[in-house]
Protein chains: 2
Amino acid sequence: MSKMDTPNKIYLSENEMPKAWYNLRADMKIQHAPLLNPATLEPINDPAQLAPIFCTELAKQELNTKDRFIEMPEEIYEYYKLYRPSPLIRAYNLEKELGTPAKIYYKFEGNNTSGSHKLNSAAAQVYYAKAQGVKSLTTETGAGQWGTALSMACAYFKMPLTVFMVKCSSEQKPFRKAVMETYGATVIPSPSNTTEVGKKMLAADPNTTGTLGMAISEAIEKAVTSDNARYTLGSVLDQVLLHQSIIGLETKIALEKYDIQPDVLIGCAGGGSNLGGFMAPFAGEKIQKGAKYKIIAVEPASCPSMTRGKFAYDFCDTGKTTPLAKMYTLGSGFVPSSIHAGGLRYHGMSPIVSQLYHDRIIDEARAVAQTKVFEAATLFAKVETILPAPESSHAIRVAIDEALECKKTGEAKTIVFNLTGTGYFDLNAYSEYRSGRMVDYVPTDAELQQGFDSLPNVGSL
Amino acid sequence: MSKMDTPNKIYLSENEMPKAWYNLRADMKIQHAPLLNPATLEPINDPAQLAPIFCTELAKQELNTKDRFIEMPEEIYEYYKLYRPSPLIRAYNLEKELGTPAKIYYKFEGNNTSGSHKLNSAAAQVYYAKAQGVKSLTTETGAGQWGTALSMACAYFKMPLTVFMVKCSSEQKPFRKAVMETYGATVIPSPSNTTEVGKKMLAADPNTTGTLGMAISEAIEKAVTSDNARYTLGSVLDQVLLHQSIIGLETKIALEKYDIQPDVLIGCAGGGSNLGGFMAPFAGEKIQKGAKYKIIAVEPASCPSMTRGKFAYDFCDTGKTTPLAKMYTLGSGFVPSSIHAGGLRYHGMSPIVSQLYHDRIIDEARAVAQTKVFEAATLFAKVETILPAPESSHAIRVAIDEALECKKTGEAKTIVFNLTGTGYFDLNAYSEYRSGRMVDYVPTDAELQQGFDSLPNVGSL
């Protein structure tokens, strides 16, 4: 093939897109510990126990450890076809710029107008709620990608939506708010006076800038106190990782189609949904067939739940209203420094990702400093043309580091990472980096201890 | 085919992407009038006369009326492969929402991270300059799409760039400025004190908010007074329409592949580049083979160069430094009302588009009010998920109007429009619309007359 015939992008045709999600738990030999009822600390084994929060089908998916594949309803499949399959792209220009023998590929999930992978689960969650006759949905959003994606899916399925947006984000990102409102969502800066839990948080600290954990508490209260409403979440939960498995399935189909054998798989990890979906079929092969992929989770040094957190039961929210999950966590009371601009600010980590890391199916977690992340992001933007989201750029940073290591050793490894989204709404952070005003932050052990002090005592569980 | 097998998106494979641009002028039976030297008013027939402004290859393309196809250099083709072919999408959801028997398709050019079709010409202009050893480039930008695209292409080809950004835009769209700077461009609000022509404009009106015409004057002065620099332009010129022909070529290949016969082709028109490129191969068939496509150009009612302008020689800039072009124009002194938020603010129109409209190869020009444009944009966003640019939404408005007409008559016409870009940086305008604060504006005849009074007197030409 001449260079002009070499594909840069491996688009699958629409009929090569998977029609079922892959449920990694069916292949996990060690299951993560069950969710616990926050009132009784009893394990949650029956979907009915989750029914006040999630619609029936999603509650079932949340607890499903049996079915390896779960078929997509036609309506969700049709929605996916509006923007999927997403491309798998060979980063020829980045390779050239680095002078590395490594082959670098990225799965680009920002290739839809919500700008991120979040749409994969948003479409599913809204569809199931609609199908069940749910009258409205609530959620929270931090950086705003989840809120944007959910607003788009709600507009499409004609479902009313209230978004609790972390207050500092809603102030720093007015356009994020505007795009959600354009799609018809009601956006409330959190904490707010519209919920009891929000009022308490404001009473405790009237100047709080909010956290994702606080916004979750408000969204859940709003859901359980409204008429036939449900709560939705953009990460952490098993159901979300299930929906995100389409990323990994498409990646695997594309790699196999072109006979490409990956050595290293890299994803950023905040709540764990993109990494969990991206690596799912590869992790399944490791567990079931002993495949040799190296899987790396990348997190910010300023919110290091996997590299410096505890593997323990914790609440998923600050208000301590959610079920407890066993996960790597910094404690629901941990508040990442406001000087951290790079997203991935959640205190915990998906129970599936946590368990796989604990069992070293995920080989490594790596914490990176935000200035190094933005350095990688800016280089990537210039040579690959795509302006990456700060979150996604954590994966770029480590992909570059791995490729530079190959340059030293001369190894021609195949590195595949997940580029979860675009950075159009993060230009303040880019400007801060460019001007030299961005600084790095690493929490002290004492600061981490404050977070750990907020961990619940669940006895001998 | 079951519904699950019906393609929503017609992606061509990379090897179906055209390897040559289509030069419509080779098929035009009536050529547009030549450019005139602004000093002598003599026709420009020799590329050497354009050499101080454009690099050699682009100057040749600007005047080429002979070669039907112009082969893309491999470097440009490789660049296109980073984001092309772009999808042609069937708007099933919009059709359903409207209840129309019409079939609606859109070519989506916002499917690259510059967010618009402008990248097609940016890549070409930067490449040719780089190949010739040009040391830096200048340009102007209004809404910012061209500046963004050019910044990305300059980062890729490692070419320094100065962008003169219309002052009111640089204030209203700080993130547009930030994205260009992230890609390494120097952005100067225009008019500025960095050029002689800018100083004059500021002296005449210290509070001016700037116009595209003013920014062009500054960019040209900067190019001709810097060491081995050249000027680049994102629309209007024949070379730009040539590069944009890839839109129309891909559209035609995709339609033919699926045996779809278009009845109506719609594009928005500011300077004319997206419409010119989109309709080029269809217009060629009309001229050469009598094909029956209806081609509609859509412009804002507040800057109505085709529907209310004069077909006359005019300067392309406010400072009256460019060659003169014969085109539909409101006069280079015309300043669109600042209450117009919808883009497409240029006083003139591509000479090719102007000539084709004059000869009714372009069947119709239609002016639309901005509130009706944003109404269409919001509906489109909700049902098709893509947040469209205000400029592109002019085409959406007319596509919807044509589809609603089909609903009345029962005709199942096939309507194809060009969706040039996304509206991520236009959320102020969306918010204005949503809040009911957006108003429409139509210039009075007296206001238009002021613009016409600025037209140059070129004697009997």
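How much area do chain B and chain A bury between them? In this predicted model, the figure is about 5,100 Å², with 55% of it on carbon and sulfur atoms.

**View 1. The interface of chain B and chain A.** Chain B contributes 54 residues to the contact and chain A contributes 53 residues. Superposing chain B on chain A takes a rotation of 180° with 0.0 Å of shift along the axis, at an RMSD of 0.0 Å. The two copies are therefore related as by a two-fold rotation axis. The same surface serves both copies, since 98% of the contact residues of chain B recur in chain A.

**View 2. A salt bridge between the chains.** B:Glu97 pairs with A:Lys158 in a salt bridge whose closest N and O atoms lie 3.1 Å apart. Six salt bridges are found across the interface of chain B and chain A.

**View 3. Helix H14 of chain A.** H14(A) covers residues 370-384 and reaches 20 Å from its first C-alpha to its last, close to the 21 Å expected. Eleven of its 15 residues are buried, so H14(A) is largely enclosed by the rest of the structure. Among the buried residues are A:Val373, A:Phe374, A:Phe380 and A:Val383, and also A:Gln370 and A:Glu384. A:Thr385 follows the helix and has a positive phi, near 75°.

**View 4. Surroundings of B:Tyr79.** The largest nonpolar core has 156 residues, and B:Tyr79 is one of those with the most contacts inside it, along with A:Trp21, A:Tyr79 and B:Trp21. Beyond its neighbours within four places in sequence, B:Tyr79 is in contact with A:Thr385 of the other chain and with residues of chain B including B:Leu119, B:Met152, B:Tyr156 and B:Phe157.

Conventions
Residues are numbered from 1 along each chain as its sequence is written. Chains are lettered from A and ligands numbered from 1 in the order in which they are written. This is a predicted model: local features need pLDDT of at least 70, side-chain atom pairs count only at pLDDT 80 or more; totals for chains, interfaces and linings use all residues. Side-chain values use heavy atoms; hydrogens and water are left out. Helices (H or I, at least four residues) and strands (E, at least two) are DSSP runs, numbered from the N terminus. The expected span of a helix is 1.5 Å times one less than its number of residues. Buried means under 20% relative accessible area, exposed over 50%, partly exposed in between (1.4 Å probe, protein chains only). A nonpolar core is a set of buried Ala, Val, Leu, Ile, Met, Phe, Trp, Tyr and Cys residues joined through side-chain atoms within 4.5 Å. Contact means heavy atoms within 4.5 Å. Copies are superposed by least squares on the C-alpha atoms of residues with pLDDT of at least 70 in both. Buried area is the accessible area (1.4 Å probe) that two parts lose on being put together, summed over both. A salt bridge is a side-chain nitrogen of Lys or Arg within 4 Å of a carboxyl oxygen of Asp or Glu.
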